Amino acid sequence: MLLSHDYNSRRSSIASTQSRNIRVTVLKNMFKKIALTRSALKKAIVVVSVCALASFLLLLYWNDSSESTKPSSTMAMGIYNTHIVDGSLDGGPMSAGDSVRDSAIPVNPIERLWTYRCVNNRCVRHHFVDGVEEDFDTNNAHQQQQHGGQAPAGAGSANTGSSSSSPGKRIPYLTCTMTCGPINIWPQPTGATTIGSKTSRFRLSDMHVKIVTKFEPVDKLLHDAYDVLRAEVRAAMVSHGATLEEIEGAVPAASVPAGVQQLPRAEERSLATEVNDAATVGRSAGGSETSGVGKIHFFKLVSDKRYDVDAFEVNVHVDKSGDTHLTLHTDESYNMTVTHSARVLIVKITANTFFGAKHGLTTLQQLIWFDDEERTLKVLNKASIEDVPKFNYRGLMLDTSRHYFTVDAIKRTLVGMSHSKLNRFHWHITDSQSFPFVSRHYPQLARYGAYSEREVYTADDVRELTAFAKVRGIQIIPEIDAPAHAGNGWDWGPKHGLGELSLCINQQPWSNYCGEPPCGQLNPKNNNTYLILQKLYEELLEIVGPLDYFHIGGDEVNLECWQQHFNDSDMRTLWCDFMLQAYHRLQLASGQNATAPRLVGVWSSGLTSAPCLSKNTFAVQVWGGSKWPENFQLINSGYSLVISHVDAWYLDCGFGSWRSTGDGACSPYRNWQTVYKHRPWEEMKLTTLQMRQILGGEACMWTEQVDESILDARLWPRASALAERLWTDPTEERYSESVPLEVYNRMSVFRNHLLELGLRAEPIFPKYCAQNQDECV
C-alpha cells in the first residue's frame, strides 16, 4: 500500500508537472505568435508610411514643376554663391546646380603653382614647385611696403603678434595684393585714409558686433546689415573651398589635437547655431565634399598659433539721425578705425546715419579675405578712414519689360550695387513690350500685358526686394513709363467700359508712331488713364516709400501718334497737360503724407525744356550724348540733372542691331574704362553754383538684347566703374585716354570680390594680366 501510494503520488506529481509544462509551452508559442504579428505589423506600417511619403513628395514635385506661379532663376548657378541672395549658406535646392558645382572649376581655384612677393609696390609672380620658390632674388624677398606711407610691413601674413610666412610657404596673390602697394578699396575713399599692410588671422566665430544708437529702427537695420556681412564672408570662404572646420576656426570635439590648448568651456560653441547646412558647404581644399554628410557636428574652438586674435569686436555708433529712408540730402559719410592689441582686434565705425554706417561695414568687408594657403581669414589690422561720397544720387537702372528678370536676379544686382556703394535702384518696371506688375486695383494690366502668368511681379515681390535693398543701403525708385512706351497691358479699356486707355498699340508701320516696336502711347484725353496711374502710384508708394524722388517717365513721346487722333490740339501743350496731370495724380496718391516726393524725374527729350515744367518740381534724367546742346540748355534753365549719357553710361550698347530696319543699335561697346573716365561736369566746365544742379548719375541697362543669362556680365564690373566716378570722382589728366595702373589693379581685385559674392562679372583682361600686375597695361 505504501508503495502503491508513493507511486500514485509520484504519478500525480509528474502529471501536474507535465500539465504545467504544457501550459508554459502553449503560452510561449502564443507570445511568439503575438511578437511575430506585432513585428509584421510594424513592418507593414513602415512600408505603408514610406509609400505614402513617397507618393506625397512625388505629388509635390509634379505640382511644383507644372503649376508653380513664379519662376526661379533660369541661370545654372551651381558654381556660384546663390546663397548670398538670402543670406543662407546652402543656397536652397539646386539639384542640377550641385552636379555642376562638383565638376566645374571653382570660382577661385587655388594657384598652387605660383607664389607672389611684394617688389617695389607690386606683386611679382614666381614658380612654386614642391614647396620651393624658384628663380627669385632673395634680396627682395622680404621687401617691406606700407599703404599710405606708413611704417613698413611684410608681404606675407604679419601682425602685432603674427607670424610672417615661413620659408617654403606659398603666398597667394590676394594676400600679396592686399598687403602690397596702394590701398585696395573700391570705390576709393575720399577723405584722409591710412591703411597698414600688417594682417591678423582670425576665426569668423570670434567676430561680434556692438551697435550703439538710441534709434531702434537703426539698431535693427544695422544688426541685419552685420548679419549680411557675416554670411557673405562665410560665402567667400566657401567659394575658396573652405571646410566647416576652417570656416569656424574649430576642430571636431572628439579630435582636438594633443598639446593644443582648448578654450574654457564657457567659450565652447556649437556650429549648429552658426552653420545652416554642413552637407552643402563643408568642402575640402580641392572642392570635394567633406565626410560626415548629414551628421550633426559639434566643435570646440582651439587656441593655436594659426590665429592672432581671440576677439574681433565691431563697434558701430550712429548718434545723430534715426532716419532709415534715403533722401537726396542724407548724410552717407562715415569714419572707421581698426586697431589690434593684446589679441583683440577692434573696429570702430562712426556715422551720422544708418546709411553711412552701412558703407563703413562694406569697407570693412573689403579689408577681409581668405588666405587659401594658410586656410584662414585675414584682415588688415591697422586703418584710419574718413569717407564721404561726392554725389548723393548714384544709380543703376534695370529695364524689366523687354525681358523679365526673376526676383533672385534682381537681388544679385542689388548685392553688386551695395558693395559698389551705389544707392538708387531705378526700376523701369513697364514699357510697351510688357506690363509685369500685378496691380491690386487693376490686375488687368498684367493679365493683358505680362509675357506669361509666371513672369510677373506681385506686391509681395516688390515688398521683398524693397526690404532686401534697404538693409543694403539702397532705395528702389519704381517707374511706370508714361505717356509713351505704354502699349501691351493697356489695351483692355474698351472691354471694361473705360474707353481707349492707350493709342497706337502695336500700330504699323511702327517707325511712324514710336521709337521702337511695339508702339503704344497713353490717351491724354481719357480721365480713366489718369485714375489708373494714380492708383499705380499709390500702390508703389505704399510699398517702397516714402520717397523724395519719383520717376514718371516722359521718354520719347511721339506727337504723330497723338496727332492722328487729336489734330485740333497743339501737341506740345497736350504733352505739358499730361505731365502736369500725372504729377498731380502722384500728389494725390501720396495723400496727406508730408514726405511726398519733392522731385519728380522725367527723361530728357525735345519737350522737357518746355516752360510748363517747373524747375523746382521736375528733375531731368539726361540720356542723350554728352555733347548734345540739351545738356547746357537744361542747366541754363535751372533744372536739376541726373546724368545717364548714352555715349558713356548706357551699358546695353555695342552689340549690334536687333532688327533689320530702323536705327536700333548704339555703338561702340562702353568698356569699364570709358564708364570710369567719363566726367561730364568737367567737360561742360560747370561753375561751383551749376554743380549744385548735378544730383548725380545713373548707368542704364535696357534689355532688348539682355536676359537673365547674361545680366551679371553686362552690368559688372562696369557699373562699379560708375560707382567710383560718383563716389570718389577722382581727378585725372584731362586729355589722358588711359586709366591709371593702380585703378586697373583695384578693379581686378574688386571684380574677384564680385565673383565671391556670386555675380558673374565679366573679366577686364586675360588672367595672365591679373597674375602679373602692371605687365599688360
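**Note on charged residues and backbone geometry**

1. Arg 343 is found in the loop between β11 (334–341) and β12 (344–351). Helices (H or I, at least four residues) and strands (E, at least two) are DSSP runs, numbered from the N terminus. Phi of Arg 343 is near 60 degrees, a positive value in a residue other than glycine. With 31% relative accessibility, Arg 343 is partly exposed. Buried means under 20% relative accessible area, exposed over 50%, and partly exposed in between (1.4 Å probe, protein chains only).

2. On the basis: this is a predicted model, where local features need pLDDT of at least 70 and side-chain atom pairs count only at pLDDT 80 or more, while totals for chains, interfaces and linings use all residues. Residues are numbered from 1 along each chain as its sequence is written, and side-chain values use heavy atoms, with hydrogens and water left out.

3. The salt bridge count comes to 29. The rule is a side-chain nitrogen of Lys or Arg within 4 Å of a carboxyl oxygen of Asp or Glu. Glu 111 pairs with Lys 767 in one of them, the closest N and O atoms being 4.0 Å apart. Glu 111 lies in the loop between α2 (95–103) and β1 (114–119) and Lys 767 in helix α22 (residues 767–771), so this pair ties together parts 656 residues apart in sequence.

4. Asp 308 and Arg 201 form a salt bridge (2.9 Å, N to O). Asp 308 sits in the loop between β9 (299–303) and β10 (311–318), Arg 201 in strand β5 (residues 199–202), 107 residues apart. Both are buried. Arg 201 and Asp 308 also belong to a network of salt bridges with Asp 371, Glu 374 and Lys 378.

5. Asp 729 deserves a check. Asp 729 has a positive phi of about 50 degrees, although it is not a glycine. Its salt bridge partner is Arg 679, with the closest N and O atoms 2.7 Å apart. Both Asp 729 and Arg 679 are buried.

6. Lys 421 is buried yet has no salt bridge. The nearest side chain of opposite charge, Asp 387, is 4.9 Å away. Lys and Arg count as positive, Asp and Glu as negative; His and the chain ends are not counted. The Lys 421 side chain does make a polar contact with the side chain of Thr 363 (3.0 Å). A polar contact is a pair of N or O atoms within 3.5 Å; within protein, one must be able to donate a hydrogen and the other to accept it, and residues adjacent in sequence count only if both atoms are side-chain atoms.

7. Two cis peptide bonds follow. Gln 508 to Pro 509 has omega near -5 degrees. Ser 667 to Pro 668 has omega near 0 degrees.
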